[in-house]
Amino acid sequence: MNRRVRTILTAATAVALSAALAGPAVAAPPTDDHDATRQAMRAAVADGVPGVTASVRQGHGTWAATAGVGNLETGKPRSARDHYRVASISKTFVATVVLQLEAEGRLSLDDTVEKWLPGVVRGNGHDGRKVTLRQLLNHTSGIFDYLADPGFQRTYMTADGFMKHRFDEAEPEELLALALANEPYFAPGASFEYSNTNYLLAARVIEKATGNDYGDEIDRRIIAPLHLTSTSVPTTRVTLPRPSSRGYSKLARTDTGPTYDVTELNARLAYGSGQMVSSSADLNRFYSALLRGRLLPPEQLKEMKTTVPSSRDTSRYGLGLVDRKLGCGVHVWGHDGGIFGSNSDAVTTEDGRHSLAVNFNGDWSGSTDAVIEAEFCGT
């Protein structure tokens, strides 16, 4: 799910932000009490976000804070230890597993989708024989995003549709069929267009290459080794682990109107594009370990950080990892993600020594960008 769709649907998983490294820049060290970051979090609440939770990892130290509430009915505050749905941040985990499999010689990024999923990507101009795994991971495949399918939007993204179908258990093949009922955006490799279908297919490739559910591979290869105790790839679980906050949405194209509690839902509809649950502390640990080379050999990490232009001038997209240039010239790597009732962002400096993860429990207002700018630029 992505920002392009977010303007249409009230909740969409995020488009990652980044930019090519233009020159050396050093993140401004935040004050001991992170005043600018706190102010940006409070500003998000003032803008209408029910509550914010954020965590910072810098060197050997950590800092965490919250603002606003986690429950509009009771007024209970958010917790720094909250679990939340991370949506498209899941893409970095999926891409990491694919790259680990490449490092093991079990697949190549230059393999076609057809090699691993024969006959699966066909129809209306789509042809898996011409799409590589690399093009899936950096969104240059041209494959249509199933989230943008009009039928999917009517069924799942309107207020009436969400309330009726929030617990549906659609199979990946059903979601893929929605994508392939539409024409591709462009010929493979010709441009960039964020598409959640790419990561649905990437997860299927992991399963074909390993014989295991893609979530089990993420658990075995990333979650367990890094001791990410708050991170999981739920199957059909519709609730969040504790502690957690309620998630809220307008379920409309505007930021006005009623506010709905959308906490319970089946995120299996997002599959490899955005199914995971985590916490701010776990996300910081993950991205720090990734950029420090603890999860991938140098060759694969270099491939992951090889970027293409994205839909924003200040951003470039790698293989499930994005490079964002901040206003002060600092570059951070990570991903963001939005799903009903949850907007998240997780980034780290290239050396992995300064990381931030932030979550809003509302999907219609506020700016995670502003929190990131405050943390790394002090403004």
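## Hairpins around strand S12

Let's start at a turn: strands S12 and S13 make a hairpin with two residues between them, and Gly341 in that turn has a positive phi of about 80 degrees. Keep in mind that this is a predicted model. S12 and S13 run antiparallel and are paired over eight bridges.

Strand S11 (residues 322-325) is antiparallel to S12 and joined to it by four bridges. Here Arg324 has Val332 of S12 as its bridge partner.

How much of S12 is buried? Nine of the nine residues in this strand (residues 331-339) are buried. Both faces are covered. One side carries His331, Trp333, His335, Gly337 and Ile339, while Val332, Gly334, Asp336 and Gly338 sit on the other.

## The buried side of helix H8

Helix H8 (residues 172-180) has Pro172, Leu175, Leu176, Ala179 and Leu180 as its buried residues. They span an arc of only 135 degrees around the axis, so they end up on the same side of H8. As background, an α-helix has 3.6 residues a turn, so residues three or four places apart point the same way.

## Salt bridges

The model has 21 salt bridges. One of them joins Arg221 to Glu217, with the closest N and O atoms 2.7 Å apart. Both residues belong to helix H10 (residues 214-223), where they are four residues apart, about one turn of the helix. Arg221 and Glu217 are both buried. They also take part in a network of salt bridges that links Glu104, Arg106, Glu217, Arg220 and Arg221.

A further salt bridge pairs Glu350 with Lys305, again with 2.7 Å between the closest N and O atoms. Glu350 is in the loop between strands S13 (342-349) and S14 (354-360), and Lys305 is in the loop between helix H12 (298-304) and strand S9 (308-309), so this pair ties together parts that are 45 residues apart in sequence. Glu350 is partly exposed at 34% relative accessibility, and Lys305 is partly exposed at 22%.

Then there's Arg122, whose side chain meets that of Asp127 in a salt bridge (3.6 Å, N to O). Which of the two is buried? Asp127 is, at a relative accessible area of 14%. Arg122 counts as partly exposed, with 34% relative accessibility.

A few spots in the loops deserve a look. A cis peptide bond connects Arg242 and Pro243, with omega at about -5 degrees. Pro243 sits in the loop between H10 and strand S6 (248-249).

Ala87 isn't a glycine, but its phi is positive, near 55 degrees. This residue is in the loop between strand S3 (84-85) and helix H3 (90-103), and Ala87 counts as buried at 0% relative accessibility. Leu251 is another non-glycine with a positive phi, near 50 degrees. Leu251 lies in the loop between S6 and strand S7 (260-261) and is buried too, at 5% relative accessibility.

Methods. Residues numbered from 1 in each chain as written. Predicted model: local features only at pLDDT ≥ 70, side-chain atom pairs only at ≥ 80, totals over all residues. Heavy atoms only, no water. Salt bridge = Lys/Arg side-chain N within 4 Å of Asp/Glu carboxyl O. Buried < 20%, exposed > 50% of the residue type's maximum accessible area, 1.4 Å probe, protein only. Arc of directions from axis to C-beta. Pairing = 2+ DSSP bridges.
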